[in-house]
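Q: Could you walk me through this structure, one piece at a time?

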Amino acid sequence: MEASVESRLPAGGFSDGDESDSMRASLLEGGGESPLLHPPCLAASFDSRQEPSPEQPSGTPLDSIGWAEHAHSEASPSSHESEEQGAMDISSDDEVPLPEGDGELPASNNHIDAVDSFTSSLSELSDVSSRSSNALTSKATTPAEADTTQRKPSEEQSQEQIREQSQEQVREQSPEQSKPRGPLSHHHSIERLNYTIRPKSSVPTDMPSHQYASECIDAAESSRLNPYALHPEEYHLLRHHISHAQVTTYLNIRNGILRIWIRRPWAGVTRQEAVGCANARWFDAASVCYDWLLRRGYINFGCVQPPEAHLSHKNRPDVPRGKRRKTVAVIGAGISGLACARQLEGLFRQYAHRYHDIGQEVPRVVVFEGRGRVGGRVYSREFKSRPVGEQPHFPAKRHTAEMGGMIITGFDRGNPMNVLVRGQLGLPYYALTADTTIYDSNGKPVDPVRDQLVEKLYNDCLDRVSEFKYKPQPSKLIEGNRDLLHEGRDSLADGTKSIIQAEEAAAALPHAPPVSQQSVPEKVNMVPVSADKLTGRVHNEPGIPANLKAADKAKLMGWSLRSGAASEHNIDLNEAANLQGATLGSVLDHAISQYKNLVDLSAQDHRLINWHVANLEYSNATNMRDLSLDLWDMDAGNEWEGRHTMVVGGYQGVARGLLLCPTKLDLTTKFAVKRIKYDANDFTGPATIESEDGASVEADCVVCTVPLGVLKQGSIAFDPPLPSWKTDVVGRLGFGVLNKVVLVYERVFWEPDRHIFGVVRDAPNRHSTTQKDYGVSRGRFFQWFNVSNTTGLPCLIALMAGEAGFETEHSSNDHLIV
């Protein structure tokens, strides 16, 4: 038998999962064409990237001049200056002949200043179907003022007629006629674009619109974005430039870009593909959306070849020479450090033209790691033991045990592991089931009926304690038209005011809420209904917390009230919650103790209750008495969804993929950083990074991704010291412990199809019904994972949570295994 012990700080996986034989299934659950039509891991070949996709007409040129909005915005100093600027001009001094129908619409290459860049660009962005047939203004997505006369297209008018009229207006429109009519109040510094793209060229023509719309909505949900509403950042970016009516058109574009990415995550989405999700008037808005999605990591992340890397050598801009190439150093090669380095390298390559325009080379990204391996807290240790005989059904080459993070807690709702594991690296994985057999301390299975009864009481106690959680204010919810979004149709209306103008007008009315409180949904109370036995996470659903008296709730759950218990009895936790130093554990213990006045709780019931408490301590990687009463569940509602999985052959394969695909990162291992010297007054550096063995390197920028525990210990000295607003946060944040014991056997002697087993633990006095007596022992070997299907060997992993996890830090292997 081989045994090893390693701590993991803190608990919790890096993400999510599904079934091992569905590697080549669509990243969107529920059908549809599989995105893995080509081998994953590296991006598609150069030749295949040059070919038009099935959704791209073969005659559509794919060349365009890239552009991106700068990251800052500011109020306009003068509305008169805005009125002097020209609107988006997709014509030129000479008439440019346009093809019939959805012809290619080349745009001008004029560089304009901040005022008429974003605002006038967006003036032409709304769907051509919403364009007025007689208005010569380009005020479309910067909505016209209320006195602007507009006429909607008649319902009988065909889309082709509207398109032809719109193109005719483009040909006839003069610069004077295209000036914005209303004051512009928002600045964005951007470059103007050149497009040679067919409008809506990325929208498939051989697919029903409702099916396309459904795929777009699924893609947004799979990217952790609301398909029906603006993200708060999108709201701040667009509120000065589009109307409420035009939100629908923008969302159709954004969701369409996400659809391209989700269906083909091994090849980056190009700007021309993104712009091809829009009609001509929305080209620039589509490009703004593309930049936002790109910079925020919703698209083109992970092990993907950046689009610009596929330009042929003769089309590449000349690399400037003579200036020193800047360096960005990433400290730490864990999942966060590797993902950071990969994201920075990809962004630098995709925005390389900006550096070339100012005579600089693209910055170099280097990674420094103190250990001799990558992965950080994800560590798949290879066994010395080897399986007996052939293993034709084991898809991996390595037999490993997960010493750190191991469970992908659902591939759905935007988990990036969905893209990395399934869409890019093609790693084999195995889906886990939450069916659990809980064994009593005497080795016999617990009556499942009794276990369910006790679990209901535990959930009710947790529900009542949740009354004291901090409830954050919801964000603004600026929604589009759901009916149109479900049909894939853009809004026909432009509206008369931008979003901010409409909000300010509403706020000026008597007794009206201010702008910040408009379009804010009501708070939704989330109550715990169950706990995930695989991860210990609490499942919450909308509801009214503890709306029944405890006596009534006990009877509803199936408990019999003890003799003499009043039917009006309730549980009052206010006094316990208001005590100085109150924590989740102290108030929960108080709730359980009060329930003893209502129902008869045996010693076995207390063992079962504390098994569930240990599971919660496992999910939070610390003792319940160290968890904040207000904030212990602050990420509720943001969990991934889908079946939990484990990567066959080791979760560390994700880290290796980030290191190697599509090209190897510049990594230096065994470089334990001792000191970072930097200029506190100038962000541009340079900084000096010193290692423990005396070596030093310089960098223009340093990104530190070391774990919180390393920062708490002060293992890295910062010169000058970090400001208090950083160090104070490091000091306040808690950091817990979860330990594992990995056991390898010669043969499987347990239920082979069962993935987890629970074991309840005795208090020092086996017959104790006092809650505090169980605090030390409840997390000791309380849960076992059968990982034979992912290691390729008969193997069990036992968890040590809560106080038991801390005790394991000081225990030898011989002491643990007796």
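Q: Which residue in S13 is the bridge partner of Phe368?
A: The bridge partner of Phe368 in S13 is Thr668. This is a predicted model, in which local features need pLDDT of at least 70 and side-chain atom pairs count only at pLDDT 80 or more, while totals for chains, interfaces and linings use all residues. Residues are numbered from 1 along each chain as its sequence is written, and side-chain values use heavy atoms, with hydrogens and water left out.

Q: How many bridges join S5 to S13?
A: Strand S5 and strand S13 (residues 666–668) run parallel and are joined by 3 bridges; two strands pair if DSSP finds at least two bridges between them. Strands (E, at least two residues) and helices (H or I, at least four) are DSSP runs, numbered from the N terminus.

Q: Switching topic, how many residues are in the largest nonpolar core?
A: That core has 58 residues, and those with the most contacts inside it are Leu457, Trp559, Leu588, Tyr595 and Phe785. The elements that give two or more residues to it include helix H13 (448–465), helix H18 (584–595) and strand S21 (780–786). A nonpolar core is a set of buried Ala, Val, Leu, Ile, Met, Phe, Trp, Tyr and Cys residues joined through side-chain atoms within 4.5 Å.

Q: What does Leu457 touch?
A: Leaving out residues up to four places away in sequence, Leu457 touches Met557, Trp559, Tyr595, Val599, Leu601 and Ile609, where contact means heavy atoms within 4.5 Å. A second, separate core of 48 residues includes Ile197, Trp261, Trp282 and Leu293.

Q: What about phi at Phe781 and Ala621?
A: Phe781, which is not a glycine, has a positive phi of about 50°, and this residue is found in strand S21. Ala621 has a positive phi near 60° and is found in the loop between H19 and S12.

Q: Is Ala621 buried or exposed?
A: Ala621 is buried, with a relative accessible area of 1%, and Phe781 is also buried, at 8%.

Q: Where does Leu631 lie?
A: Leu631 lies in the loop between H19 and strand S12 (645–647), and its relative accessible area of 38% makes it partly exposed.

Q: And how many helices and strands are there overall?
A: The secondary structure comes to 25 helices and 22 strands, and 52% of the 818 residues count as buried.

Note on methods
Buried means under 20% relative accessible area, exposed over 50%, partly exposed in between (1.4 Å probe, protein chains only).
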